Amino acid sequence: MGLQNKEELYMLPPPGYSKAEPGQGDRISMDEQLRNHQTIVSRIMAILGERNSATEDYLSKCLYSVGMGGNDYGSNYFLPQFYPTSRQYTPDQYASVLIKQFDLQLRTLYKLGARKIVVFGIGPQGCAPVVRARAGINGSSCVDVVNNAVQLFNVKLGPLIDELNNGLPGAKFIYVDAFHIYSSLYSGTHHINLLKQSYLVVTNASCCEVITGSPTCIPQGTSCPNRGDYFWWDALHPSEATNLMFARRSYNAQSPLDTYPFDINHLVLI
């Protein structure tokens with residue numbers, strides 16, 4: 001690949017891989033993101049020429065990060081006033097439906113050339129301030145019914161990773177247990193080391209100003225001056241401080257429970 005082709009690859013426009021949260025615009029479904037990715041793969045093939053092997057080799061060296069399911073619970077299953085899913089499925093049935101769909105989507109990603117794929121589980125949504133507020137729980141207690149439902153999905157991801165790795169030639173899927181890592185940060189160790197300083201993590205409130213029962217920050221609202229102290233940024237999403245610790249443990253696992261079958265650091269080296 002010549003320098004010109006490399007520059008063209010780096011300058012490809014972003015294809016719209018993201019998830020949008022309530023109040024932040026329309027959501028981009030996983031299937032739509034896969035269609036967007038297929039467009040990008042076609043552009044890469046056009047740059048590299050009609051040699052499929054060159055594109056396959058290029059994509060096999062890429063690191064893919066995939067997470068699915070969070071909005072299916074927080075913005076669907078546990079909003080029965082808007083969606084019927086909790087009346088149509090038991091928590092275990094719903095988890096199975098999501099896993100079946102996720103399986104097909106991950107296989108589609110593989111067919112598009114992905115080989116090194118990091119699959120993130122769902123974090124402890126029942127501990128989020130907005131979920132606790134809606135359930136009328138004060139303090140740092142979590143909503144067990146939400147966390148238990150999310151875990152029914154998470155525990156099915158390990159076997160799915162094994163099935164994909166064993167059944168797809170050259171596939172290297174790993175699982176990052178977001179629930180375990182975030183939970184240990186939330187309730188296990190209250191003093192964290194961030195940027196070589198010690199902070200007390202505030203777990204029962206969001207850093208930014210929110211309306212009770214709403215997940216996102218109030219526009220032009222105030223935020224805490226000590227952001228490194230807070231587990232939650234708004235009433236649903238972890239803060240930068242928390243996510244930095246999460247990223248470090250995802251990349252270099254501190255516990256055998258953090259990642260499976262190995263961490264991201266190992267994945268990028270193989």
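How many disulfides does a search of the whole structure find? The search turns up three, taking a disulfide as a pair of cysteine sulfur atoms within 2.5 Å. Keep in mind that this is a predicted model, where local features need pLDDT of at least 70, side-chain atom pairs count only at pLDDT 80 or more, and totals for chains, interfaces and linings use all residues. Residues are numbered from 1 along each chain as its sequence is written, and side-chain values use heavy atoms, with hydrogens and water left out.

| Disulfide | S to S distance |
|---|---|
| Cys-127 and Cys-142 | 2.0 Å |
| Cys-207 and Cys-224 | 1.9 Å |
| Cys-208 and Cys-217 | 2.0 Å |

Counting bonded cysteines along the chain, the pattern reads 1-2, 3-6, 4-5.

Start with Cys-127 and Cys-142: their link is right-handed, with 100° about the S-S bond. Cys-127 sits in the loop between strand S2 (116-120) and helix H7 (129-134), and Cys-142 in the loop between H7 and helix H8 (144-154), 15 residues apart. Helices (H or I, at least four residues) and strands (E, at least two) are DSSP runs, numbered from the N terminus. Cys-127 is buried at 4% relative accessibility, while Cys-142 is partly exposed at 22%. Here buried means under 20% relative accessible area, exposed over 50%, and partly exposed in between (1.4 Å probe, protein chains only).

Now for Cys-207 and Cys-224, a left-handed link with -95° about the S-S bond. Both of these cysteines, Cys-207 and Cys-224, are buried.

As for Cys-208 and Cys-217, the torsion about their S-S bond is about -90°, so this disulfide is left-handed. Cys-208 is buried at 5%, whereas Cys-217 is partly exposed at 26%.
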